[in-house]
Amino acid sequence: MVGRSLAKLLESRADDLYVGYGLKPRIVAVSDNGGMACDTAGLDCARLVRAKEQKGTVAAYGGGGHGGGSSSKGKGSSSPTAAEMAEAVSGADVLVETTPSNYKDAEPGMTNITDAMKRRMHVVSVNKGPLALAFPSLNELAAYNRVMFRFSGTVGGGTPILDYAKNSLSGERITSFSGILNGTTNYILSAMAEGMSPKAALQDARTKGYVEADESLDLDGLDAAAKLVILANWIMGMKVTMPDVSCTGIRGVTSADIKKAAKRNRVVKMTAACGNDALTVAPVTIPRDDPLCVNGTLNAISFTSEHSGTQTIIGRGAGGTETASAILRDLLYIRQGITSGAYG
Ligand SMILES: NC(=O)c1ccc[n+]([C@@H]2O[C@H](COP(=O)([O-])OP(=O)(O)OC[C@H]3O[C@@H](n4cnc5c(N)ncnc54)[C@H](OP(=O)(O)O)[C@@H]3O)[C@@H](O)[C@H]2O)c1
(Lines give C-alpha, C1' and ligand atoms only; values in the text may rest on other atoms or scores of the structure.)
Protein backbone atom coordinates (compact mmCIF):
# COMPACT_ATOMS: atom_id res chain seq x y z
CA MET A 1 0.00 0.00 0.00
CA VAL A 2 2.75 2.46 0.96
CA GLY A 3 4.94 1.62 -2.04
CA ARG A 4 2.03 2.14 -4.43
CA SER A 5 1.06 5.39 -2.69
CA LEU A 6 4.65 6.58 -3.09
CA ALA A 7 4.61 5.81 -6.82
CA LYS A 8 1.33 7.73 -7.16
CA LEU A 9 2.68 10.67 -5.16
CA LEU A 10 5.88 10.84 -7.23
CA GLU A 11 3.77 10.79 -10.37
CA SER A 12 1.21 13.39 -9.28
CA ARG A 13 3.77 15.74 -7.72
CA ALA A 14 6.51 15.32 -10.32
CA ASP A 15 6.39 18.94 -11.48
CA ASP A 16 6.27 20.68 -8.12
CA LEU A 17 8.91 18.38 -6.62
CA TYR A 18 11.23 19.34 -9.46
CA VAL A 19 10.39 23.05 -9.57
CA GLY A 20 10.14 23.53 -5.80
CA TYR A 21 12.85 21.21 -4.54
CA GLY A 22 14.92 20.14 -7.55
CA LEU A 23 13.90 16.55 -6.83
CA LYS A 24 13.47 14.32 -9.89
CA PRO A 25 14.05 10.76 -8.67
CA ARG A 26 14.86 8.04 -11.19
CA ILE A 27 13.39 4.75 -9.97
CA VAL A 28 15.65 2.00 -11.30
CA ALA A 29 14.21 -1.09 -9.59
CA VAL A 30 11.09 -2.14 -7.67
CA SER A 31 10.30 -5.56 -6.24
CA ASP A 32 7.38 -7.37 -4.61
CA ASN A 33 6.56 -11.01 -3.87
CA GLY A 34 5.84 -11.62 -7.56
CA GLY A 35 9.25 -10.50 -8.81
CA MET A 36 10.73 -7.24 -9.92
CA ALA A 37 10.87 -4.53 -12.53
CA CYS A 38 14.06 -2.69 -13.30
CA ASP A 39 15.44 -0.31 -15.82
CA THR A 40 18.62 1.72 -15.46
CA ALA A 41 17.00 4.48 -17.53
CA GLY A 42 14.16 4.78 -15.02
CA LEU A 43 10.77 3.16 -14.52
CA ASP A 44 7.52 4.96 -15.20
CA CYS A 45 5.47 5.34 -11.97
CA ALA A 46 2.04 5.26 -13.62
CA ARG A 47 2.94 2.10 -15.52
CA LEU A 48 4.27 0.48 -12.33
CA VAL A 49 1.01 1.23 -10.53
CA ARG A 50 -0.99 -0.15 -13.48
CA ALA A 51 1.06 -3.38 -13.49
CA LYS A 52 0.51 -3.82 -9.73
CA GLU A 53 -3.22 -3.00 -9.81
CA GLN A 54 -4.08 -4.97 -12.93
CA LYS A 55 -1.72 -7.96 -12.71
CA GLY A 56 -0.92 -8.02 -8.99
CA THR A 57 2.83 -7.65 -9.38
CA VAL A 58 5.35 -5.10 -10.58
CA ALA A 59 7.01 -7.95 -12.50
CA ALA A 60 4.23 -7.48 -15.06
CA TYR A 61 5.71 -4.06 -15.89
CA GLY A 62 7.33 -5.68 -18.90
CA GLY A 63 10.46 -4.77 -20.84
CA GLY A 64 11.35 -1.12 -20.91
CA GLY A 65 13.96 -1.25 -23.64
CA HIS A 66 16.74 0.02 -21.38
CA GLY A 67 19.18 -2.21 -19.57
CA GLY A 68 16.96 -4.03 -17.06
CA GLY A 69 13.72 -5.73 -18.08
CA SER A 70 14.20 -6.28 -21.74
CA SER A 71 17.89 -6.40 -22.43
CA SER A 72 18.36 -10.14 -22.35
CA LYS A 73 14.88 -11.39 -23.01
CA GLY A 74 13.41 -9.08 -25.58
CA LYS A 75 10.71 -6.44 -25.37
CA GLY A 76 7.65 -7.43 -23.39
CA SER A 77 9.37 -9.98 -21.12
CA SER A 78 7.90 -9.75 -17.63
CA SER A 79 10.81 -9.80 -15.23
CA PRO A 80 14.50 -9.04 -15.31
CA THR A 81 17.22 -11.47 -14.33
CA ALA A 82 19.07 -11.16 -11.02
CA ALA A 83 22.09 -9.84 -12.93
CA GLU A 84 19.96 -7.15 -14.54
CA MET A 85 18.55 -6.20 -11.13
CA ALA A 86 22.06 -6.01 -9.68
CA GLU A 87 23.16 -3.82 -12.57
CA ALA A 88 20.14 -1.54 -12.16
CA VAL A 89 20.69 -0.94 -8.43
CA SER A 90 24.48 -0.78 -8.58
CA GLY A 91 24.52 2.97 -9.18
CA ALA A 92 21.42 3.80 -7.14
CA ASP A 93 21.67 6.38 -4.36
CA VAL A 94 18.77 5.35 -2.13
CA LEU A 95 16.85 2.23 -1.04
CA VAL A 96 13.22 2.81 0.03
CA GLU A 97 12.27 -0.17 2.21
CA THR A 98 8.52 -0.85 2.50
CA THR A 99 8.23 -4.60 3.21
CA PRO A 100 6.04 -5.73 6.15
CA SER A 101 7.25 -5.13 9.70
CA ASN A 102 7.99 -8.30 11.63
CA TYR A 103 9.42 -8.42 15.12
CA LYS A 104 10.79 -11.98 15.07
CA ASP A 105 13.76 -11.58 12.72
CA ALA A 106 12.84 -8.34 10.86
CA GLU A 107 13.31 -10.04 7.50
CA PRO A 108 13.33 -9.36 4.61
CA GLY A 109 13.76 -5.71 5.58
CA MET A 110 16.86 -6.27 7.70
CA THR A 111 18.83 -7.85 4.85
CA ASN A 112 17.57 -5.27 2.36
CA ILE A 113 18.71 -2.42 4.60
CA THR A 114 22.10 -3.83 5.61
CA ASP A 115 22.93 -4.87 2.03
CA ALA A 116 22.06 -1.40 0.78
CA MET A 117 24.16 0.34 3.43
CA LYS A 118 27.12 -1.91 2.63
CA ARG A 119 26.71 -0.87 -1.02
CA ARG A 120 26.91 2.75 0.21
CA MET A 121 23.26 3.47 -0.53
CA HIS A 122 21.28 5.82 1.70
CA VAL A 123 18.21 4.17 3.19
CA VAL A 124 14.64 5.32 3.86
CA SER A 125 12.62 2.75 5.83
CA VAL A 126 8.96 2.76 6.81
CA ASN A 127 9.43 -0.83 7.97
CA LYS A 128 9.68 -0.74 11.77
CA GLY A 129 10.96 -4.29 12.26
CA PRO A 130 14.68 -3.72 11.61
CA LEU A 131 14.70 -0.55 13.73
CA ALA A 132 12.83 -2.18 16.60
CA LEU A 133 15.24 -5.11 16.74
CA ALA A 134 18.52 -3.43 15.83
CA PHE A 135 18.33 0.36 15.88
CA PRO A 136 21.74 0.91 17.52
CA SER A 137 23.64 -1.39 15.16
CA LEU A 138 21.86 -0.12 12.03
CA ASN A 139 22.76 3.44 13.00
CA GLU A 140 26.37 2.37 13.49
CA LEU A 141 26.39 0.59 10.13
CA ALA A 142 25.04 3.72 8.45
CA ALA A 143 27.69 5.89 10.09
CA TYR A 144 30.45 3.41 9.24
CA ASN A 145 29.44 3.41 5.57
CA ARG A 146 28.84 7.18 5.60
CA VAL A 147 25.24 6.92 4.44
CA MET A 148 22.06 8.57 5.68
CA PHE A 149 19.39 6.47 7.39
CA ARG A 150 15.92 8.05 7.61
CA PHE A 151 12.67 6.59 8.94
CA SER A 152 10.16 9.45 9.41
CA GLY A 153 7.22 7.26 8.38
CA THR A 154 7.81 4.63 11.05
CA VAL A 155 6.26 6.72 13.84
CA GLY A 156 3.07 8.70 13.26
CA GLY A 157 2.70 7.96 9.53
CA GLY A 158 2.64 11.42 7.93
CA THR A 159 2.56 13.29 11.26
CA PRO A 160 6.13 14.55 11.74
CA ILE A 161 6.56 13.28 15.30
CA LEU A 162 10.24 12.36 14.97
CA ASP A 163 11.13 15.61 13.19
CA TYR A 164 9.22 17.68 15.74
CA ALA A 165 11.04 16.22 18.70
CA LYS A 166 14.45 16.13 17.02
CA ASN A 167 14.41 19.47 15.20
CA SER A 168 11.72 21.76 16.61
CA LEU A 169 12.82 20.95 20.16
CA SER A 170 16.53 20.96 19.34
CA GLY A 171 18.57 22.52 22.12
CA GLU A 172 15.98 21.38 24.66
CA ARG A 173 16.41 18.34 26.87
CA ILE A 174 13.36 16.13 26.56
CA THR A 175 12.97 14.44 29.91
CA SER A 176 10.03 12.17 29.14
CA PHE A 177 7.30 11.50 26.64
CA SER A 178 4.08 9.56 26.46
CA GLY A 179 1.90 8.87 23.48
CA ILE A 180 -0.89 7.00 21.80
CA LEU A 181 1.03 5.46 18.93
CA ASN A 182 -1.29 2.71 17.71
CA GLY A 183 -4.45 3.92 15.97
CA THR A 184 -6.13 0.50 15.94
CA THR A 185 -6.13 -0.03 19.69
CA ASN A 186 -7.14 3.59 20.19
CA TYR A 187 -10.10 3.01 17.88
CA ILE A 188 -11.11 -0.09 19.85
CA LEU A 189 -10.79 1.62 23.24
CA SER A 190 -12.68 4.68 21.93
CA ALA A 191 -15.51 2.42 20.68
CA MET A 192 -15.60 0.66 24.06
CA ALA A 193 -15.84 4.07 25.78
CA GLU A 194 -18.97 4.67 23.70
CA GLY A 195 -20.51 1.46 25.01
CA MET A 196 -19.41 -1.27 22.59
CA SER A 197 -18.28 -4.58 24.00
CA PRO A 198 -14.57 -5.48 23.48
CA LYS A 199 -15.60 -8.18 20.99
CA ALA A 200 -17.86 -5.88 18.97
CA ALA A 201 -15.28 -3.08 18.99
CA LEU A 202 -12.59 -5.45 17.67
CA GLN A 203 -14.95 -6.74 14.99
CA ASP A 204 -15.83 -3.18 13.99
CA ALA A 205 -12.11 -2.31 13.69
CA ARG A 206 -11.54 -5.45 11.60
CA THR A 207 -14.43 -4.57 9.28
CA LYS A 208 -12.98 -1.11 8.72
CA GLY A 209 -9.62 -2.64 7.80
CA TYR A 210 -7.78 -1.11 10.77
CA VAL A 211 -6.44 -4.36 12.25
CA GLU A 212 -3.14 -5.84 11.01
CA ALA A 213 -3.25 -9.32 9.43
CA ASP A 214 -1.32 -10.44 12.53
CA GLU A 215 -3.66 -9.00 15.19
CA SER A 216 -1.10 -9.48 17.89
CA LEU A 217 0.95 -6.57 16.49
CA ASP A 218 -1.90 -4.23 17.47
CA LEU A 219 -3.65 -5.97 20.37
CA ASP A 220 -0.54 -7.04 22.28
CA GLY A 221 1.13 -3.65 21.89
CA LEU A 222 4.02 -4.77 19.64
CA ASP A 223 3.47 -2.05 17.04
CA ALA A 224 3.40 0.62 19.76
CA ALA A 225 6.49 -0.92 21.41
CA ALA A 226 8.41 -0.79 18.11
CA LYS A 227 7.59 2.90 17.74
CA LEU A 228 8.60 3.50 21.36
CA VAL A 229 12.00 1.90 20.68
CA ILE A 230 12.52 4.11 17.62
CA LEU A 231 11.62 7.24 19.60
CA ALA A 232 13.80 6.30 22.56
CA ASN A 233 16.85 5.76 20.36
CA TRP A 234 16.31 8.77 18.12
CA ILE A 235 15.04 11.34 20.61
CA MET A 236 16.51 10.25 23.94
CA GLY A 237 19.79 8.79 22.67
CA MET A 238 19.05 5.48 24.39
CA LYS A 239 20.49 2.30 22.89
CA VAL A 240 17.49 0.01 23.25
CA THR A 241 15.61 -2.67 21.33
CA MET A 242 12.23 -4.42 21.69
CA PRO A 243 13.16 -6.66 24.65
CA ASP A 244 13.81 -3.50 26.69
CA VAL A 245 10.12 -2.55 26.57
CA SER A 246 7.69 -3.71 29.24
CA CYS A 247 4.71 -4.38 27.03
CA THR A 248 1.05 -5.07 27.91
CA GLY A 249 -1.62 -4.92 25.23
CA ILE A 250 -5.35 -4.26 25.49
CA ARG A 251 -6.70 -7.83 25.53
CA GLY A 252 -7.26 -7.64 29.30
CA VAL A 253 -9.22 -4.35 29.23
CA THR A 254 -12.89 -4.92 30.11
CA SER A 255 -16.01 -2.79 29.76
CA ALA A 256 -16.04 -2.63 33.58
CA ASP A 257 -12.56 -1.01 33.52
CA ILE A 258 -13.80 1.59 31.05
CA LYS A 259 -16.89 2.37 33.16
CA LYS A 260 -14.88 2.58 36.37
CA ALA A 261 -12.48 5.07 34.73
CA ALA A 262 -15.40 7.11 33.34
CA LYS A 263 -16.86 7.53 36.85
CA ARG A 264 -13.59 9.25 37.80
CA ASN A 265 -13.74 11.40 34.63
CA ARG A 266 -10.90 9.40 33.14
CA VAL A 267 -10.48 7.26 30.03
CA VAL A 268 -8.51 4.10 29.35
CA LYS A 269 -5.80 4.57 26.70
CA MET A 270 -2.91 2.37 25.65
CA THR A 271 0.11 4.61 25.99
CA ALA A 272 3.75 4.14 25.06
CA ALA A 273 5.85 5.99 27.59
CA CYS A 274 9.49 6.78 28.23
CA GLY A 275 10.62 8.26 31.54
CA ASN A 276 13.33 7.58 34.10
CA ASP A 277 15.00 5.27 31.57
CA ALA A 278 11.98 2.94 31.59
CA LEU A 279 10.05 2.04 28.45
CA THR A 280 6.44 0.95 28.93
CA VAL A 281 3.49 0.13 26.72
CA ALA A 282 0.32 -0.47 28.73
CA PRO A 283 -3.32 0.50 29.11
CA VAL A 284 -3.53 3.32 31.66
CA THR A 285 -6.21 5.80 32.68
CA ILE A 286 -5.75 9.46 31.82
CA PRO A 287 -7.93 12.50 32.61
CA ARG A 288 -10.63 13.14 30.02
CA ASP A 289 -9.28 16.67 29.43
CA ASP A 290 -5.67 15.55 28.86
CA PRO A 291 -4.52 16.67 25.36
CA LEU A 292 -3.46 13.04 24.79
CA CYS A 293 -7.09 12.00 25.03
CA VAL A 294 -7.75 11.69 21.27
CA ASN A 295 -10.36 9.36 19.84
CA GLY A 296 -10.71 7.03 16.86
CA THR A 297 -7.56 6.11 14.97
CA LEU A 298 -5.74 9.34 15.84
CA ASN A 299 -2.26 9.31 17.33
CA ALA A 300 -1.01 11.84 19.89
CA ILE A 301 2.23 12.28 21.78
CA SER A 302 3.23 14.65 24.57
CA PHE A 303 6.88 15.60 25.00
CA THR A 304 7.97 17.07 28.31
CA SER A 305 11.20 19.02 28.20
CA GLU A 306 13.30 20.77 30.79
CA HIS A 307 12.47 24.38 29.89
CA SER A 308 9.56 24.40 27.43
CA GLY A 309 7.09 22.34 29.41
CA THR A 310 4.83 19.76 27.81
CA GLN A 311 3.73 19.93 24.18
CA THR A 312 1.42 17.59 22.35
CA ILE A 313 1.39 16.76 18.68
CA ILE A 314 -1.70 15.09 17.21
CA GLY A 315 -2.34 13.59 13.79
CA ARG A 316 -3.23 10.56 11.72
CA GLY A 317 -0.76 7.84 12.57
CA ALA A 318 -1.05 5.76 9.43
CA GLY A 319 -2.36 5.67 5.88
CA GLY A 320 -0.66 4.93 2.59
CA THR A 321 -0.54 8.48 1.25
CA GLU A 322 0.41 10.00 4.61
CA THR A 323 3.27 7.54 5.03
CA ALA A 324 4.40 8.03 1.43
CA SER A 325 4.52 11.74 2.16
CA ALA A 326 6.88 11.02 5.08
CA ILE A 327 9.10 9.07 2.63
CA LEU A 328 9.16 12.14 0.38
CA ARG A 329 10.34 14.26 3.33
CA ASP A 330 13.15 11.79 3.89
CA LEU A 331 14.10 11.76 0.21
CA LEU A 332 14.30 15.56 0.24
CA TYR A 333 16.50 15.42 3.34
CA ILE A 334 18.79 12.94 1.62
CA ARG A 335 18.93 15.00 -1.55
CA GLN A 336 19.96 18.01 0.54
CA GLY A 337 22.65 15.93 2.25
CA ILE A 338 24.02 14.76 -1.08
CA THR A 339 23.99 18.19 -2.75
CA SER A 340 25.58 19.84 0.31
CA GLY A 341 28.59 17.61 -0.28
CA ALA A 342 28.39 16.16 3.23
CA TYR A 343 27.86 12.71 1.70
CA GLY A 344 29.75 11.56 -1.38
N1 LIG B 1 0.13 1.21 5.77
C2 LIG B 1 0.44 2.17 6.62
O3 LIG B 1 -0.38 3.04 6.91
C4 LIG B 1 1.80 2.21 7.26
C5 LIG B 1 2.16 3.31 8.08
C6 LIG B 1 3.46 3.36 8.62
C7 LIG B 1 4.35 2.32 8.38
N8 LIG B 1 3.95 1.26 7.61
C9 LIG B 1 4.91 0.19 7.36
O10 LIG B 1 5.21 0.20 5.97
C11 LIG B 1 5.47 -1.13 5.54
C12 LIG B 1 4.56 -1.43 4.36
O13 LIG B 1 3.22 -1.35 4.76
P14 LIG B 1 2.04 -1.58 3.71
O15 LIG B 1 0.80 -1.16 4.38
O16 LIG B 1 2.41 -0.95 2.43
O17 LIG B 1 2.09 -3.17 3.60
P18 LIG B 1 1.72 -4.08 2.36
O19 LIG B 1 0.59 -3.44 1.61
O20 LIG B 1 1.56 -5.44 2.89
O21 LIG B 1 2.99 -3.99 1.42
C22 LIG B 1 4.14 -4.74 1.67
C23 LIG B 1 4.83 -4.96 0.36
O24 LIG B 1 6.03 -5.70 0.57
C25 LIG B 1 6.11 -6.69 -0.44
N26 LIG B 1 6.92 -7.79 0.03
C27 LIG B 1 6.70 -8.62 1.09
N28 LIG B 1 7.69 -9.52 1.20
C29 LIG B 1 8.56 -9.27 0.18
C30 LIG B 1 9.77 -9.87 -0.24
N31 LIG B 1 10.28 -10.91 0.40
N32 LIG B 1 10.40 -9.33 -1.31
C33 LIG B 1 9.88 -8.29 -1.99
N34 LIG B 1 8.73 -7.68 -1.62
C35 LIG B 1 8.07 -8.16 -0.55
C36 LIG B 1 4.68 -7.10 -0.72
O37 LIG B 1 4.57 -7.69 -2.00
P38 LIG B 1 3.18 -8.29 -2.53
O39 LIG B 1 2.30 -7.11 -2.80
O40 LIG B 1 3.55 -8.98 -3.79
O41 LIG B 1 2.68 -9.19 -1.45
C42 LIG B 1 3.97 -5.74 -0.64
O43 LIG B 1 4.01 -5.08 -1.89
C44 LIG B 1 5.25 -2.04 6.74
O45 LIG B 1 6.48 -2.33 7.32
C46 LIG B 1 4.38 -1.19 7.66
O47 LIG B 1 4.56 -1.52 9.02
C48 LIG B 1 2.71 1.18 7.04
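Colleague: What makes β10 and strand β11 (residues 309-316) a pair, and in which sense do they run?

Modeller: Two strands pair if DSSP finds at least two bridges between them, and β10 and β11 are joined by eight bridges in the antiparallel sense, so they count as a pair. One of these places is Ser-302, whose bridge partner in β11 is Thr-312, and the two strands form a hairpin with three residues between them. This is a predicted model, in which local features need pLDDT of at least 70 and side-chain atom pairs count only at pLDDT 80 or more, while totals for chains, interfaces and linings use all residues. Residues are numbered from 1 along each chain as its sequence is written.

Colleague: How do you know which strand β6 (residues 174-180) is joined to?

Modeller: Six bridges join β6 to β10 (residues 298-305), and the two run antiparallel; in β10, Ser-305 is the bridge partner of Ile-174. Strands here are DSSP runs of E with at least two residues, and helices are runs of H or I with at least four, both numbered from the N terminus.

Colleague: Why are β3 (94-97) and β5 (149-150) called edge strands?

Modeller: The open sheet of three strands has the order β3-β4-β5 with parallel pairing, and β3 and β5 are its edge strands, each pairing on one side only. Four bridges join β3 to β4 (residues 122-125) in parallel, with Val-94 having His-122 as its bridge partner in β4.

Colleague: What packs on this sheet?

Modeller: Helix α14 (residues 320-339) packs on the sheet and touches β3, β4 and β5, where contact means that C-beta atoms, placed from the backbone, lie within 7 Å. The direction of α14 makes about 165° with that of β4, on a scale from 0 to 180 degrees between N-to-C directions, with axes fitted to C-alpha atoms, for helices over the stretch in contact.

Note on methods: Contact = placed C-beta atoms within 7 Å.
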